[in-house]
Amino acid sequence: MATPLLVTGGAGYIGSHVCKALAAAGWLPVTYDNLSNGHRWAVRWGPLEVGDLQDRARLDAVLERWRPQAVLHFAAYIAAGESVVDPGKYYENNVLGLLSLLAAMGRAGLDRIVFSSTAAVYGTPRRVPIDERHPLEPVNPYGSTKLVCEQLLRDFAVAHGIRSVALRYFNAAGADPDGELGEAHEPETHLIPLVLEAAAGLRPEIAIFGEDYPTADGTCIRDYIHVADLAQAHLLALDRLSGAEGTDAFNLGNGAGFSVRQVVEAARRVTGRPIAVRVRAARPGDPPVLVADAGRARSDLGWRPRHSALDEQLAHAWQWLTAPGRRPRADPCAIVRPAATQI
Ligand code: UDP
């Protein structure tokens, strides 16, 4: 049998794409997910163990059953805007969830973990592109919880010999190039799927959150990185854990930024459809510009992103959204309405 790895949150967007890449590389990805946001249909490359991170008995039983060689930890809440209005929910799930997982790893004698971190740990950048030495000053509770988690990993490396790699994702985008997986948050809050849903006529329009940012067109700039490229970085991080002790963190991004308006324009181009936009108030906790310097992931992990073009990322996400056999959304917004006039 292939060597098992525990993938918490393997039913989610990034986790499921990583499971596919792990299976292709000869591992057995064992998904541990409470299905609060993930999907049963997204778990196709290994077994699904339904359970909560804070359920100590369940976690112990799953680790005992599969005896994984390492853990990849995706299970967390991810909406920066929501974290501003409900920080307790984020600390509870993200920080206590990791603490519980680390305790279970200790009981099972497991010492390797790849951790899903985020560009949100940097806050409003003092300089761009952002490298890993940039000060860590999150401006929303989501970023704060991920920073606390990274600190936990550093402390557990010293005290308990836990080896970890934190991968700081910039903006995950796109979908499986083979069309087998894609993004399906319910409700959806991310820019690219919302824009494409508008192109598909599933939403009347999309909101642009703020146009007074200090950027060329006044809208926020983000570094969009293809989910399949993120998946490859996890394989490299696993390799690194077999050689290196302690803890390390790597940025994962393309080093190119696109504004919200540029994303909408690219989506109009890729889909050939009109997309109506309405400018709304800025979302609390959104830094104006996030662009990665991922030089260390390239030099130290040997990471080579292959799908850097925004149009390709949009094309893959569009292929997934419009595929005939795609899993229907439970989101009430996914009611087909006539497409609104382009603004
Ligand atoms: N955004 C927007 N309208 C939306 C959703 C997002 O203008 O309906 C903006 C958001 O303010 C941010 C960018 O798009 O500047 C990317 O947001 P997303 O939620 O996709 O990712 P985040 O950067 O928060 O991780």
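The legends below describe close-up views of a predicted model.

**View A. The residues around the ligand.**
A shell of 15 residues surrounds the ligand, and the closest are H190, L191, F209, C220 and V260. By residue type, this shell divides into nine nonpolar, three polar and three charged members. Helix α6 (191–199) and strand β8 (206–209) each supply at least two residues of the shell. The element that gives the most is β8, with four residues.

**View B. Strand β1 and its pairing with β2.**
Strand β1 covers residues 4–8 and is mostly covered, as four of its five residues are buried. In general, strands of a sheet pair through backbone hydrogen bonds, either parallel or antiparallel. Here, β1 and strand β2 (residues 28–33) pair in the parallel sense over five bridges. Within this pairing, L6 has V30 of β2 as its bridge partner. Together with helix α1 (residues 13–24), β1 and β2 make a right-handed β-α-β unit.

**View C. Strand β1 and its pairing with β4.**
Strand β1 is also joined to strand β4 (residues 71–73), and these two strands run parallel. Three bridges connect β1 with β4.

**View D. The largest nonpolar core.**
In soluble globular proteins, nonpolar side chains tend to be buried together. The largest nonpolar core of this model has 101 residues. Inside this core, V195 and L252 are the residues with the most contacts. Helix α6 provides the largest share of the core, seven residues. The core draws at least three residues from each of two domains: domain 1 (4–173 + 226–252) and domain 2 (191–222 + 255–322).

**View E. A three-stranded open sheet.**
Three strands form an open sheet in the order β12-β9-β14, and their pairing is mixed. The edge strands are β12 (258–259) and β14 (289–290), each of which pairs on one side only. Strand β9 (residues 221–222) pairs with β14 in the parallel sense over two bridges. In this pairing, I221 stands opposite V289 in β14.

How values were computed
Residues are numbered from 1 along each chain as its sequence is written. This is a predicted model: local features need pLDDT of at least 70, side-chain atom pairs count only at pLDDT 80 or more; totals for chains, interfaces and linings use all residues. A residue is near a molecule or strand if its C-beta atom, placed from the backbone, lies within 6 Å of it. Ala, Val, Leu, Ile, Met, Phe, Trp, Tyr, Cys and Pro count as nonpolar, Asp, Glu, Lys and Arg as charged, and the others, Gly among them, as polar. A residue is buried if 20 or more other C-beta atoms lie within 10 Å of its own, exposed if 12 or fewer, and partly exposed in between; C-beta atoms are placed from the backbone. Two strands pair if DSSP finds at least two bridges between them. A crossover is right-handed if, with the strands pointing away from the viewer, the path from the first strand over the helix to the second runs clockwise. A nonpolar core is a set of buried Ala, Val, Leu, Ile, Met, Phe, Trp, Tyr and Cys residues joined through C-beta atoms within 7 Å. Domain bounds come from an automatic or database domain assignment.
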